[in-house]
Amino acid sequence: MLRAPLVIEYPFERTTGPVVGAFLTGLRERILVGITGADGRVIVPPIEYDPVTAEDLTELVEVGPGGVVTACAWVARPDARQPLDHPFAWALIRLDGADTAMVHVVDAGSPDRIAVGTRVTPRWRDERVGAIGDIECFVIEETS
Amino acid sequence: MRDVAIVSFAQSHHRRAVEDLNEVEMLMPVTREALDNIGIGIGDIGFTCSGSTDYLAGNAFSFVSTLDGIGPWPPISESHVEMDGAWALYEAWVKLQTGAVDTAFVYSYSKSSSGDLAMVMSRQLDPYAVGPLWLDSVGCAALAASAALDAGVVTREAMAEVAARSRRDALANNEYAQLRFDRTAAAVLAEPDHVGLLHRSDCPPISDGAAAIVLAAGDRARELCDNPVWIRGIDHRIDPMALGYRDLTDVPSARLAASRAGVVPAEIDAWELHAPFSHDELLLRRAMGVPDDAVVNRSGGALAANPMLTAGLIRIGEASWQISSGESERMVAHATQGPALQQNLVAVLEGDR
């Protein structure tokens with residue numbers, strides 16, 4: 001069998017606009033923003049158009065930084081491209097002040113430490129570039 | 001509306017990895033069989049539409065190679081969707097409705113094995129907020145399962161039953177399927193957790209394969225075969241892209257598509273649901289109002305063979321076989337694509353008898 005490596009690249013850039021751009025710029029400044037949907041619900045990550053009415057959305061709202069896990073899935077063997085190099089949980093996280101959830105990973109240590117309802121907070125990278133990876137991961141919130 | 005029927009269906013014997021053939025070579029016997037079944041050639045076809053994706057083939061305009069294999073000279077009227085072949089069938093159905101053509105040829109194929117499939121599928125996600133995290137297709141399904149389990153709309157036991165039944169039905173009914181064996185739900189439950197609360201058996205196999213369907217309108221359908229299977233209703237709908245915006249415990253787009261396609265659950269005698277993961281079938285049943293005792297996925301469904309971009313078209317083809325053979329009279333065929341059942345197509349199929 002003849003095998004050859006194949007590397008696919010899409011070497012073009014685009015601007016992210018006033019909504020996605022605001023979210024990404026916010027990440028660089030350690031600020032999380034969502035956007036108010038046509039029905040008044042706060043959508044995080046923010047999106048440019050209302051999924052139901054297709055209206056332009058413009059009203060940005062600061063949310064978080066903490067939030068609650070609404071779904072999670074433990075990954076015992078992460079892929080090298082995924083955010084953490086040791087076992088973690090995929091999670092949908094509803095940030096405080098938001099009505100929808102965002103996808104990220106939680107560095108929970110073990111699967112029995114995380115469940116729907118667990119409170120988490122972001123762990124920011126020192127060097128931030130304006131990308132989702134500026135949040136290295138979420139961690140379980142310390143209870144006082 | 002014109003009456004449009006499925007007059008021929010063919011599919012490959014789906015395999016984990018077809019390494020000895022390229023895509024064209026894998027597809028050609030299937031398209032040939034679909035046309036030979038009813039004794040016609042590509043010159044008798046008014047419109048050709050295919051479904052496949054460059055992301056799996058690994059090069060741009062990959063469908064042109066397979067189109068060359070079909071024989072597009074003298075020039076033919078054709079189109080392609082970067083979607084499951086079920087959506088190519090929808091486009092062909094619309095073309096037939098315009099009255100411009102009386103016959104249409106639909107095919108789709110994929111070599112899902114060519115790359116790291118779960119990671120390739122992550123490229124369909126939001127490219128800013130999710131794509132860079134490399135949320136793979138199994139992790140994505142595990143998140144939906146988590147939400148559904150937590151809400152109590154599915155149970156791990158019911159998921160294991162779906163997983164076991166699908167491979168058992170494939171063993172009994174479907175020589176084309178890839179996973180055909182009799183393993184109990186208890187054995188599925190005894191497997192270690194794979195990703196999240198999914199067992200390996202809750203996940204579909206990686207499959208290479210192809211399928212083809214010929215459609216014809218009205219009298220042309222009756223000329224071409226003795227038992228055409230009529231598409232009585234067909235509709236497709238989509239839920240929002242953002243995973244966290246959706247209620248992953250429900251499938252509103254499947255419910256709407258079923259309603260618009262004219263599905264009356266009590267009048268349906270069997271269902272072919274494109275449910276790649278075991279919890280997907282349970283969510284779809286709930287969304288579309290499938291009765292508890294209904295016959296679902298006699299073929300084994302996508303849990304028994306899951307060639308990407310093709311497993312949805314196969315559901316339509318399998319339903320047409322079950323109707324033309326007399327096993328069923330009126331069926332629902334369903335196709336899905338996108339992350340966690342985002343996009344859904346529903347067709348009501350019926351025989352002449």
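User: How is chain B divided into domains?
Analyst: Chain B has domain 1 (4–114 + 206–229) and domain 2 (117–204 + 232–350), with bounds from an automatic or database domain assignment. This is a predicted model: local features need pLDDT of at least 70, side-chain atom pairs count only at pLDDT 80 or more, and totals for chains, interfaces and linings use all residues. Residues are numbered from 1 along each chain as its sequence is written, chains are lettered from A and ligands numbered from 1 in the order in which they are written, and side-chain values use heavy atoms, with hydrogens and water left out.
User: How many residues make the contact between them?
Analyst: Domain 1 of chain B gives 39 residues and domain 2 of chain B gives 37, where contact means heavy atoms within 4.5 Å.
User: And how many salt bridges cross that interface?
Analyst: The rule finds zero between domain 1 and domain 2 of chain B; a salt bridge needs a side-chain nitrogen of Lys or Arg within 4 Å of a carboxyl oxygen of Asp or Glu.
User: Other topic. Which peptide bond in chain A is cis?
Analyst: The bond from V44(A) to P45(A) is cis, with omega near -5°.
User: What about W73(B) to P74(B), cis or trans?
Analyst: That bond, from W73(B) to P74(B), is cis too, with omega near 0°.
User: What is phi at F61(B)?
Analyst: Phi of F61(B) is near 55°, a positive value in a residue other than glycine.
User: Is F61(B) buried or exposed?
Analyst: F61(B) is exposed, with a relative accessible area of 59%. Buried means under 20% relative accessible area, exposed over 50%, and partly exposed in between (1.4 Å probe, protein chains only).
User: And phi of W134(B), what is that?
Analyst: Phi of W134(B) is near 60°, also positive in a residue other than glycine.
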